[in-house]
Amino acid sequence: MGQSDILEFSGEQRRNFMRALLDDLRAIELVLDRGLFEEGVQRIGAEQELFLVDRACHPANSSLDMLERLKDPHYTTELGAFQLEINLDPQTFSGDCLGRMERQLEDLVARARLTAHELGLEVVLTGILPTIRKSDLGLESMVPLPRYKALNDATTRLRGEAYYIHIRGVDELRTQHDSVMVEACNASFQAHLQVSAKDFANAYNIAQVVTGPVLAAATNSPLLWGRRLWAETRIALFEQAVDSRNQGQAREMAPRVTFGNRWVKKSVIELYKEDIARFRALVGSDFDEDPLAEIAAGRAPMLKALRLHNGTIYRWNRACYGITDGKPHLRIENRVLPSGPSTLDEIANAAFWLGLMNGLMRKYEDITRVFEFEQAKQNFVSAARLGLGSHMSWLEGKEIPTPALIAEHLLPIASEGLAQAGIAAADSDRYLGVIEKRVRTGRTGSRWLMFSLAGMKDHGTQGERLNALTSATIARQAGGTPVADWEPARLDEGGGWENNYLKVEQYMTTDLYTVHPDDSIDLAAKLMEWHRIRHVPVEDQDHRLIGLVSYRSLLRLLTDPESAGRAHAIPVADVMKRDPFNVSPTMTTMRAIEIMRKHGVGCLPVVLDGRLVGLVTSDDFIGIAGQLLEERLHD
């Protein structure tokens with residue numbers, strides 16, 4: 001999706017694009033048949049995605065301002081205006097290439113960090129930003145470029161309905177959104193490996209085999225909107241966030257984000273043909289290239305239509321066509337690795353993957369003879385769900401705890417694979433040592449986040465805890481140490497009250513006890529008694545706010561001799577305050593306080609799109625006032 005002239009299309013434009021796409025497919029078949037792909041050279045590369053946050057650790061829509069100041073083609077946009085992408089230079093896979101990659105990555109991230117500081121911002125390397133909120137994902141937060149709008153409009157039109165997200169982990173998340181912007185919750189570190197065209201099928205299948213264990217050692221995204229979900233929640237979220245399938249369709253259809261369903265048998269052409277056959281082109285462009293004429297003239301065809309279509313289908317291991325020094329080549333892009341926790345961790349993840357790829361390619365001419373596809377796919381799902389807590393299948397169908405599989409079987413293969421590529425021994429030992437310690441201690445990024453969160457249990461609000469995680473991540477990334485050496489995040493790292501109480505959604509209660517209008521007031525009274533609360537919202541079966549029952553209204557009723565004896569027969573509808581004052585999650589704290597004071601109410605239901613999502617009370621503001629007073633006494 002990197003082209004600037006992308007457009008949403010229909011009719012003749014769609015037919016013209018399909019003709020260009022099929023011409024590109026014939027051209028790449030010809031390049032393959034004539035042996036025109038570059039052979040005997042391995043190159044590596046990577047893409048770094050990151051988040052931009054303000055001083056309060058909340059997403060900052062400043063990517064275009066950043067690019068204007070950076071003025072460097074290594075930096076580019078991502079879908080969200082609070083994201084940035086860094087493209088590293090390709091390196092020949094030998095010698096000190098991994099060290100060079102790490103140094104360039106550190107330099108480019110450091111430059112982004114300094115530029116962010118000039119704008120009063122910070123950069124964060126993390127798979128899912130702990131402090132990102134659903135309210136941050138409106139279309140106003142989408143980078144205002146035609147290609148992103150075209151992608152969103154086309155995907156939304158194909159769905160014909162809202163984007164439903166359902167992920168179950170320790171907690172459960174059920175929600176819906178009106179655009180593909182939920183995808184912008186994710187950030188990854190994408191590693192590339194150039195492979196020989198004649199060996200592509202085996203190389204791609206090996207990439208599928210190692211995806212599970214590599215991901216298990218690298219998980220860094222256990223949280224979304226405060227919910228504790230998968231070890232690598234990015235996997236489930238991305239698969240649902242850009243799903244163009246209508247949920248009401250009766251027949252089976254392939255998702256656009258996929259691990260795949262079978263081995264590649266002969267060549268990369270199989271993947272391109274399947275994607276063209278299964279996935280409708282979402283966006284198109286105008287093309288002036290005749291790829292067959294380019295080949296006849298001795299030039300490498302650009303294959304823009306094929307590359308554009310390929311960019312809207314998100315295989316976790318993606319086949320990529322590219323050109324270097326006028327020579328076409330094939331790469332495998334590993335898309336499962338999350339951003340963060342540190343640049344050293346990321347290069348270590350890449351080194352582990354690259355070592356396994358090279359080691360297994362040299363060891364097995366056809367990995368499918370010793371491994372079943374379903375085992376590879378199940379390993380991937382287990383890794384995403386449970387990380388190092390998973391068990392995985394390995395050769396000969398053995399079921400092995402993932403840490404033992406990595407430590408006893410895979411790290412030696414990766415070490416040998418790096419040595420066979422001529423990688424400097426010191427670099428190999430350093431990066432694989434990071435993986436070994438991470439696996440031995442169990443301290444992945446996901447484990448660090450969850451352990452830190454558990455350590456803050458019952459202290460502060462959820463907003464404070466998530467702020468502390470983000471702020472601690474920023475601080476530890478600046479230190480340059482790998483996550484296995486990080487100290488847990490502390491609540492006091494989240495900043496003062498002004499960072500944590502800017503908006504209602506940062507401190508509202510979301511675990512609510514509610515009643516329906518036809519329930520008896522006895523139930524409302526018992527909820528207040530059992531849970532020591534003074535207000536109970538009244539909602540309908542669709543969770544739309546109808547009214548509010550207060551302790552005072554119940555007290556008046558129950559002290560009335562005529563009513564007290566028949567409380568069990570009185571419906572909530574007869575007592576509740578209808579159409580109570582309410583606020584939105586994005587309303588500022590000060591505005592909510594003003595509403596409470598002006599109207600003399602002690603509770604405000606929080607409503608989004610007509611549905612009840614939370615509750616704030618005057619007791620919440622007493623806590624804020626106390627923190628504000630403490631801040632002023634210290635000044």
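Which residues line the second largest cavity?

The model is predicted, so local features need pLDDT of at least 70 and side-chain atom pairs pLDDT 80 or more, while totals for chains, interfaces and linings use all residues. Residues are numbered from 1 along each chain as its sequence is written, and side-chain values use heavy atoms, without hydrogens or water.

**View 1. Lining of the second largest cavity.** Leu 125, Thr 126, Asn 220, Pro 341, Gly 445, Trp 448, Leu 449, Thr 473, Val 483 and Trp 486 form the lining. A cavity is a set of points on a 1 Å grid over the protein atoms alone where a 1.4 Å probe fits but cannot get out; lining residues have an atom within 4 Å of a point. The volume is about 40 Å³, taken as the space filled by probe spheres set on the points, which are joined across faces, edges and corners. Two cavities of 30 Å³ or more are counted. Helix H14 contributes the most to this lining, with three residues. Six lining residues are nonpolar, four are polar and none is charged. Here Ala, Val, Leu, Ile, Met, Phe, Trp, Tyr, Cys and Pro count as nonpolar, Asp, Glu, Lys and Arg as charged, and the others, Gly among them, as polar.

**View 2. Ser 446 in helix H14.** H14 spans residues 445–455; helices are DSSP runs (H or I) of at least four residues and strands (E) of at least two, numbered from the N terminus. Ser 446 is buried, at 4% relative accessibility. Buried means under 20% relative accessible area, exposed over 50%, and partly exposed in between (1.4 Å probe, protein chains only). The Ser 446 side chain reaches the backbone nitrogen of Asn 220 at 3.1 Å. Beyond neighbours within four places in sequence, Ser 446 contacts Thr 219, Asn 220, Ser 221, Pro 222 and Ala 231. Contact means heavy atoms within 4.5 Å.

**View 3. Ala 116 in helix H3, residues 97–118.** Ala 116 is buried, at 0% relative accessibility. Its C-alpha lies 6.9 Å from that of Met 66, 50 residues apart along the chain. With neighbours within four places set aside, Ala 116 contacts Met 66, Leu 121, Glu 122 and Val 123.

**View 4. Helix H10, residues 343–363.** Of its 21 residues, 19 are buried, so H10 is largely enclosed by the rest of the structure.

**View 5. Lys 398 in the loop between strands E15 (391–393) and E16 (399–401).** Lys 398 is partly exposed, with a relative accessible area of 48%. Outside four places in sequence, Lys 398 contacts Met 392 and Ser 393.

Terms used:
A polar contact is a pair of N or O atoms within 3.5 Å; within protein, one must be able to donate a hydrogen and the other to accept it, and residues adjacent in sequence count only if both atoms are side-chain atoms. The expected span of a helix is 1.5 Å times one less than its number of residues. On a 1 Å grid over the protein atoms alone, a cavity is a set of points where a 1.4 Å probe fits but cannot get out, and a pocket is an open set with protein on both sides within 12 Å along at least five of seven lines; lining residues have an atom within 4 Å of a point.
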